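This briefing goes through selected features of one protein model, grouped by topic. Please keep the sequence and the structure in view while reading.

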Amino acid sequence: MRICMMEGPAGLMPEGANWVGIAERIHELAPDLLVTNEMPFGPWLAALPSYDAALAAESVRIHEAGLAALAALNVPAIVSSRPVFAGGRLANEAFALRDGHYAALHHKQYFPQEPGFFEAAWFHSARDGFEVADVGGIRVGVLLCTELMFNERARRYGRDGAELIVVPRASGASSGRWLTAGAMAALVSGCYVVSSNRAGRTPEGQVFGGVAFAFQPGGEPLAQSTDTESIVAFEVDPARARAQQALYPCYVKE
């Protein structure tokens, strides 16, 4: 299976020259599965410390347009996330597009609350659980950004039969801790771990760190974006994940 990951430019819109260039590059790479960054389109809402209903509605609208743009890529399977209305706030919903058909996968449940990332003020979960789903012929678990920091979730995905953990992110300039967390998630789960991130600086000065990365089921590096290659494709073999899950430390009982 061929997987594509990416650095999504800050403020990306699902139309215009930036999007056309991204779409053309993805078409050239011809992946079976595309993993985008977290809530890839429009402004980053959580830069603001207080919930704003009008800005929330605009972000929902932009991401609805983004669904059509993603479907038009004609990639067999795509995993991304988007804001959806959930009571008085939003939920950050991870989803899969399988041949253009939408399926909700997961709601983000762990939220930071600090400058640049006031997510607890904007989001809550309207759907419990961390469930494994078949996406394009591989068994997938989703950890949305901060959720990668909790190894017990990655370990459980491996125990539940996942072969791939996807991690859409919108994280800051420091990448070291994310690479460590990605390697550990692969090691404890026996899964491939693939993460795309938002990249660049907003007009207000907030910096997103980019660095899309992939780790093999034993925790070894597989691929990473660079300054010259912000969209990267590589091959994975689900059978390798299943084999790794019979080895140390995955087999150790809780």
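This is a predicted model: local features need pLDDT of at least 70, side-chain atom pairs count only at pLDDT 80 or more; totals for chains, interfaces and linings use all residues.

A residue is called buried when its relative accessible area is under 20%, exposed when that area is over 50%, and partly exposed in between.

**Helix H2**
- By the definition above, the buried residues in H2 are Ala56, Ser59, Val60, Ile62, His63, Gly66, Leu67, Ala69 and Leu70.
- These buried residues pack against helix H1 (17–29) and helix H3 (119–122), and also against the strands E3 (77–86), E4 (89–98) and E5 (101–107).
- Helix H2 covers residues 53–71, and because 19 residues at 1.5 Å a residue should span 27 Å, the 27 Å between its end C-alpha atoms agrees with expectation.
- At the start of H2, the backbone nitrogen of Ala54 has a side-chain oxygen of Asp52 within 3.0 Å.

**His106 in strand E5**
- His106, which is found in strand E5, has a relative accessible area of 1% and is therefore buried.
- The side chain of His106 reaches the backbone oxygen of Gly129 at 3.1 Å.
- Leaving aside neighbours within four places in sequence, the contacts of His106 include Asn92, Glu93 and Ala94, as well as Arg127, Phe130 and Glu147.

**Salt bridges**
- Arg2 forms a salt bridge with Glu235, with the closest N and O atoms 3.4 Å apart; Arg2 lies in strand E1 (residues 2–9) and Glu235 in strand E15 (residues 231–235), so the pair ties together parts that are 233 residues apart in sequence.
- Both partners are partly exposed, Arg2 with a relative accessible area of 25% and Glu235 at 48% relative accessibility.
- Within helix H1, Arg25 and Glu28 lie three residues apart, about one turn of the helix, and their side chains meet in a salt bridge at 3.0 Å, N to O.
- Arg25 counts as partly exposed at 27% relative accessibility, whereas Glu28 is exposed, with a relative accessible area of 57%.
- Asp160 forms a salt bridge with Arg156, the closest N and O atoms being 3.7 Å apart, and salt bridges that share partners join Arg155, Arg156, Asp160 and Glu254 into one network.

**Nonpolar surface patch**
- Tyr248, Tyr251 and Val252 make a nonpolar surface patch of about 350 Å².
- Val252 lies in the segment after helix H6 (238–244) and is partly exposed, with a relative accessible area of 32%.

Note on methods
Residues are numbered from 1 along each chain as its sequence is written. Side-chain values use heavy atoms; hydrogens and water are left out. Patches are made of residues with over 30% relative accessible area and no salt bridge: like charges are joined within 9 Å, nonpolar side chains (Val, Leu, Ile, Met, Phe, Trp, Tyr) within 5 Å. Accessible areas come from the Shrake-Rupley method with a 1.4 Å probe; for residues, only the protein chains shown count as cover. A salt bridge is a side-chain nitrogen of Lys or Arg within 4 Å of a carboxyl oxygen of Asp or Glu. Helices (H or I, at least four residues) and strands (E, at least two) are DSSP runs, numbered from the N terminus. Buried means under 20% relative accessible area, exposed over 50%, partly exposed in between (1.4 Å probe, protein chains only). The expected span of a helix is 1.5 Å times one less than its number of residues. Contact means heavy atoms within 4.5 Å. A polar contact is a pair of N or O atoms within 3.5 Å; within protein, one must be able to donate a hydrogen and the other to accept it, and residues adjacent in sequence count only if both atoms are side-chain atoms.
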